[in-house]
Amino acid sequence: MTVVTRFAPSPTGFLHIGGARTALFNWLFARRHGGRFLLRIEDTDRRRSSEAAVAAIHDGLSWLGLDWDGEPVSQVSRLPRHAEAARRLLDEGKAYRCYATAGELAEMRERAKAEGRPVLYDGTWRDRDPGEAPAGVDPAIRFKAPREGETAIEDAVQGIVRVSNRQLDDMVLLRSDGTPTYMLAVVVDDHDMEITHAIRGDDHLNNAFRQTQLFRALGWEPPVYAHIPLIHGADGAKLSKRHGALGVEAYRELGILPDAMVNGLLRLGWSHGDDEIIGRDQAIAWFDLDHVGRGAARFDLDRLMNLNAHYLRETDADTLVASIRPRLEDELGAALDDRHVTRLTRAMPGLKPRANSLVALAESAAFYVRERPVPIDAKARKLLGGDAGSSLHALAEALGAIDSWDEDGIEQAVRGLARQRGVKLGAVAQPLRASLAGSTVSPGIFEVAAILGRDETLGRVHDALRLRDPAPGSPEI
RNA sequence: GACCCCAUCGUCUAGAGGCCUAGGACAUCAGCCUUUCACGCUGAAGACACGGGUUCGACUCCCGUUGGGGUCGCCA
């Protein structure tokens, strides 16, 4: 039997991390078993569905690298099929027409609530003579659910879960306007798409009972259900759009790498012993339903950032430069040329271990490609004050005398200078850093100078000197 | 309210009756490394919600309590 899973979001907003994780688990499970992973857009509620949301879901999945098999299925397109199933049930006496109005239903619920009974449809039209149907009212089609006994599901994550049939009422299959409800549509589509495993959020656990009944009534076998716990917000409540939940694109904006996101989402609810860093291929090889946790988890940005830092370090320089290029050009307001790109590429090994996101990486890389004079921040200016002047003069001289402009040569020159002046290395290295990076923080300063090149380095040192002692008439920096 | 699910450090988790003096990771703190900041390394602090059983022995099994979450739509 080929494993077939599906991700079935309703297109009412962006793809948030809960949905992303559900998609990931389904994708992983399908890939693990060499099966198919399908995408189905549950858009039977036309009023709340939007094309933009469908696009956002596609974008989100693509960004995460969760490729689906075949064309996405739009649930509305299958309306005739759904109606057909409802009609069949009607013909077989397993469903009936219900003429209750919205008002009557609301009243019914009020009453049940007041009397402390379960809030369920009371089945008024279940056995009522259709001849009593009020004129001019379009009926909804309801499922004739079993009233005795219980319904059980064997959930791959939750174990056996059973509920008394008295807790389940006659759900609507077809609305009075003839459109199918979610319950009917999922069952028919899961069957037609030959879904073998339905991995979805815990919030669907209760639906599984009704869906199982429907499957049986239609003479079909339900898929294996696996209800995974919801991801909660920092306050422990359900993650929802109105709850400040972020879409995956928000994490992309934050400079998170897809691999880090996938790893982070994976570890939220699934584990493999003490392993924390689990790459995509490893995840496919290892993923199973047995190790999905049963308790709800909260999403922790710190952990994600740590993972992101790891994957950042694993990424090669060219890819990284390409990734931060748009941000950099945006920041600089100018296009980068080949010289800049070469510089950045050489700088990546030094920059990578200091960044935990593409945003941070771009920020820390900016000084490499800024035009002179580079802006000097407040802390760096302090380093350039006091007696840094003579150090800088001496530095300019020593650097100017270097034969081979490489990291070793520069280090020798600068260390030699410090020794010669009887000061600690920091006394000359820090002013140099401030001049070159415009900041008190940067990769190793010999490396920075080597990558910047002799002319740029000396130019920036002289800029710093000018900043200290502006020559008459020269512009303030 | 009814029904369903869940419950290990602040957070994510390992743990399938003795391997637990409860392990790992993030975060926190201290130290090392060091030209800055990171990275890295070393160490510290930090949890089995509570109460009953079952058992020679419970984090692990059962029951209850408490707490949290979910669902009760002609939404999905």
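# Close-up views of side chains, strands and backbone

**View 1. A salt bridge joins the side chains of Glu221 and Arg216.** The nitrogen and oxygen of this contact between Glu221 and Arg216 are 3.5 Å apart, where a salt bridge is defined as a side-chain nitrogen of Lys or Arg within 4 Å of a carboxyl oxygen of Asp or Glu. The model shown here is predicted, so local features need a pLDDT of at least 70 and side-chain atom pairs count only at pLDDT 80 or more, whereas totals for chains, interfaces and linings use all residues. Residues are numbered from 1 along each chain as its sequence is written, chains are lettered from A and ligands numbered from 1 in the order in which they are written, and side-chain values use heavy atoms, with hydrogens and water left out. Glu221 counts as exposed at 61% relative accessibility, while Arg216, at 48%, counts as partly exposed; here buried means under 20% relative accessible area, exposed means over 50% and partly exposed lies in between, as found with a 1.4 Å probe on protein chains only.

View 2. Elsewhere, salt bridges that share partners join Arg6, Arg40, Glu42, Arg78, Arg81, Glu84, Asp189, Asp190 and Asp192 into one network.

**View 3. Strand 2 (residues 36-41) is largely enclosed by the rest of the structure, because 5 of its 6 residues are buried.** Helices (H or I, at least four residues) and strands (E, at least two residues) are DSSP runs, numbered from the N terminus, and two strands pair if DSSP finds at least two bridges between them. Strand 1 (residues 4-7) pairs with strand 2 in the parallel sense over 4 bridges, and Phe7 has Leu39 of strand 2 as its bridge partner. Strand 2 also runs parallel to strand 3 (residues 73-74), to which 2 bridges join it, and in this pairing Arg40 stands opposite Val73.

**View 4. Strand 2 takes part in a right-handed β-α-β unit with strand 1 and helix 1, and in another with helix 2 and strand 3.** One unit is made by strand 1, helix 1 (residues 17-32) and strand 2, and the other by strand 2, helix 2 (residues 51-64) and strand 3. A crossover is called right-handed if, with the strands pointing away from the viewer, the path from the first strand over the helix to the second runs clockwise.

**View 5. The structure holds 5 aromatic pairs.** Tyr251 and Phe299 make an edge-to-face pair, 5.6 Å centre to centre with 80 degrees between the planes. Tyr251 lies in helix 7 (residues 248-253) and Phe299 in the loop between strand 12 (297-298) and helix 10 (301-314), so the pair ties together parts that are 48 residues apart in sequence. Both Tyr251 and Phe299 are buried. Trp270 and Phe287 make a tilted pair, 5.5 Å centre to centre with 40 degrees between the planes. Trp270 lies in the loop between helix 8 (258-267) and helix 9 (280-286), and Phe287 in the loop between helix 9 and strand 12, so this pair ties together parts that are 17 residues apart in sequence. Rings of Phe, Tyr and Trp (its six-membered ring) pair if their centres lie within 6.5 Å, and planes under 30 degrees apart count as stacked, over 60 as edge-to-face and the rest as tilted.

**View 6. The charged end of Arg142 sits over the ring of Tyr121.** This charged end of Arg142 is 3.6 Å from the centre of the Tyr121 ring, and the rule for such a contact asks that NZ of Lys or CZ of Arg be within 6 Å of the ring centre and within 35 degrees of the ring normal.

**View 7. The backbone has a cis peptide bond between Arg372 and Pro373 and a positive phi at Glu194.** Most residues other than glycine have a negative phi, and most peptide bonds are trans. For the bond joining Arg372 and Pro373, omega is about -10 degrees, and Pro373 is placed in the loop between helix 13 (358-369) and helix 14 (378-384). Glu194, which is not a glycine, has a phi of about 55 degrees; Glu194 lies in the loop between helix 5 (182-192) and strand 9 (197-201) and is exposed, with a relative accessible area of 59%.
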